[in-house]
Amino acid sequence: MRLTSSGTFKPYREEIFLLEIGKIKTNIEAAKTIYSMDLYVPEIAKKAKPGQFVNLRLTGKLDPLLRRPISLHRINPEEGTITMLYMVVGEGTAMMSEMEPGETIDVLGPLGNGWNLEMPGENAVVIGGGIGIAPLYPLIKSLKESGKNVELIMGAKNADYLTDPSIYEKLGASVTITTDDGTAGTKGFVTTALEDSIQAGKCDYIYACGPKPMLRFVEQIALNHDIPGQVSTESHMGCGLGICLLCPSKMKDGGYKRTCTDGPVFMIGELDYE
């Protein structure tokens with residue numbers, strides 16, 4: 001990897017990653033332990049694609065030392081902003097949740113292999129489990145702009161952990177909500193709603209993001225019904241550039257791929273969840 005002029009990183013692969021000091025515009029609580037942060041990073045916003053992520057370091061902080069990968073929840077190149085939907089799960093995200101507009105964050109991105117939008121058929125079922133909802137807004141927006149029918153299945157532990165579903169309805173998607181305890185939507189899991197959509201003939205292709213146990217069951221259903229699709233997974237990451245090799249994803253063929261550069265999006269049937 002080498003540093004080019006104008007503050008960009010160029011690895012030995014062809015991708016070019018940008019390093020920007022982003023200024024926080026808003027940072028609000030969107031649901032229980034979940035926050036939404038708008039960040040002004042105009043060059044990254046111009047390059048970012050649905051399904052990619054950024055790797056963050058809190059400006060002026062030595063602890064936590066490693067960057068934190070965060071999915072791109074919204075991409076607004078006209079305003080030069082990205083929105084990150086993140087859950088407070090550790091020291092770094094706890095510190096992020098307390099940051100105020102005007103403060104800055106060191107941002108590396110856009111990173112990763114995003115969603116492939118060239119799906120067969122007309123009916124897409126998009127599944128977000130928990131904070132797995134984060135990278136789905138740009139995907140749904142792009143699918144609707146290409147004329148696809150989109151059903152979003154949102155799953156959460158309970159109503160407190162659900163983010164606003166109306167933003168997806170405004171894009172033209174139909175929204176199905178499931179919660180473990182039935183406090184919002186239907187009591188149950190996203191996999192039951194997926195089976196219902198398949199049985200109704202409303203699923204030609206699946207996009208899913210969420211915890212690995214959920215992805216494993218989604219893949220089983222997809223493979224049983226011979227429905228193609230993609231999943232976005234996560235791993236602990238270091239550099240985010242494919243150099244440190246700290247984020248391997250095991251493949252069914254017995255090999256490994258780097259989650260940060262070969263993923264985080266993989267085709268259904270590629271990942272080994274055992």
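Analyst: Glu122 has a relative accessibility of 43%, so Glu122 counts as partly exposed. Buried means under 20% relative accessible area, exposed means over 50%, and partly exposed is in between, with a 1.4 Å probe and protein chains only. This is a predicted model in which local features need pLDDT of at least 70 and side-chain atom pairs count only at pLDDT 80 or more, while totals for chains, interfaces and linings use all residues. Residues are numbered from 1 along each chain as its sequence is written, and side-chain values use heavy atoms, with hydrogens and water left out.

User: OK. Which residue forms a salt bridge with Glu122?

Analyst: Lys148, with the closest N and O atoms 3.8 Å apart. Glu122 is in the loop between β9 (104–111) and β10 (123–129), and Lys148 is in the loop between α3 (136–145) and β11 (149–156), so the pair ties together parts that are 26 residues apart in sequence. A salt bridge here is a side-chain nitrogen of Lys or Arg within 4 Å of a carboxyl oxygen of Asp or Glu. Helices (H or I, at least four residues) and strands (E, at least two) are DSSP runs, numbered from the N terminus.

User: And Lys148, buried or exposed?

Analyst: Buried, because its relative accessibility is 12%.

User: How many salt bridges in the structure?

Analyst: Seven. Another one joins Asp272 and Lys250, again with the closest N and O atoms 3.8 Å apart. That pair links distant parts of the chain, 22 residues apart: Asp272 is in the segment after β18 (265–267) and Lys250 is in strand β16 (residues 248–250). Asp272 is partly exposed at a relative accessible area of 23%, and Lys250 is partly exposed at 35%.

User: What does Lys257 form a salt bridge with?

Analyst: Glu270, where the closest N and O atoms are 3.1 Å apart. Lys257 is in strand β17 (residues 256–258) and Glu270 is in the segment after β18, 13 residues apart. Lys257 has a relative accessible area of 33% and is partly exposed; Glu270 is also partly exposed, at 24%.

User: Switching to the sheet. What is the strand order?

Analyst: Seven strands form an open sheet in the order β13-β12-β11-β10-β14-β15-β18, with mixed pairing. β13 (186–187) and β18 are at the edges with a single partner strand each, so one side of each has no neighbour in the sheet. Two strands pair if DSSP finds at least two bridges between them.

User: How many bridges join β15 to β18?

Analyst: Three, between strand β15 (residues 229–232) and β18, which run antiparallel. The bridge partner of Ser232 in β18 is Val265.

User: Which strands does α3 touch?

Analyst: α3 packs on the sheet and touches β10, β11 and β14 (205–209), with its direction at about 170 degrees to that of β10. Helix α6 (residues 212–224) also packs on the sheet, touching β10, β14, β15 and β18, and its direction makes about 170 degrees with that of β14. Contact means heavy atoms within 4.5 Å. Axes are lines fitted to C-alpha atoms, for helices over the stretch in contact, and angles run from 0 to 180 degrees between N-to-C directions.

User: What does Ile140 touch?

Analyst: Not counting residues up to four places away in sequence, Ile140 touches Val126, Val150, Leu152, Tyr168, Leu171 and Ala173. Ile140 lies in helix α3 and counts as buried because its relative accessibility is 0%.

User: Now the rings. How many aromatic pairs?

Analyst: Four. Tyr35 and Tyr86 are a stacked pair, because their ring centres are 5.9 Å apart and their planes are at 25 degrees. Tyr35 is in strand β4 (residues 34–40) and Tyr86 in strand β8 (residues 81–87), so the pair ties together parts 51 residues apart in sequence. Both Tyr35 and Tyr86 are buried. Tyr205 and Tyr207 form a tilted pair, 5.0 Å centre to centre with 55 degrees between the planes. Rings of Phe, Tyr and Trp (its six-membered ring) pair if their centres lie within 6.5 Å; planes under 30 degrees apart count as stacked, over 60 as edge-to-face and the rest as tilted.

User: Which residues are in the ring cluster?

Analyst: Trp115, Tyr205 and Tyr207, linked by ring pairs. Tyr205 counts as buried at 4% relative accessibility, and Tyr207 counts as buried at 0%.

User: Last one. What lies over the face of Tyr137?

Analyst: Arg74, at 4.3 Å from the ring centre. Arg216 lies over the face of Phe217, at 5.1 Å from the ring centre. A charge sits over a ring if NZ of Lys or CZ of Arg is within 6 Å of the ring centre and within 35 degrees of the ring normal.
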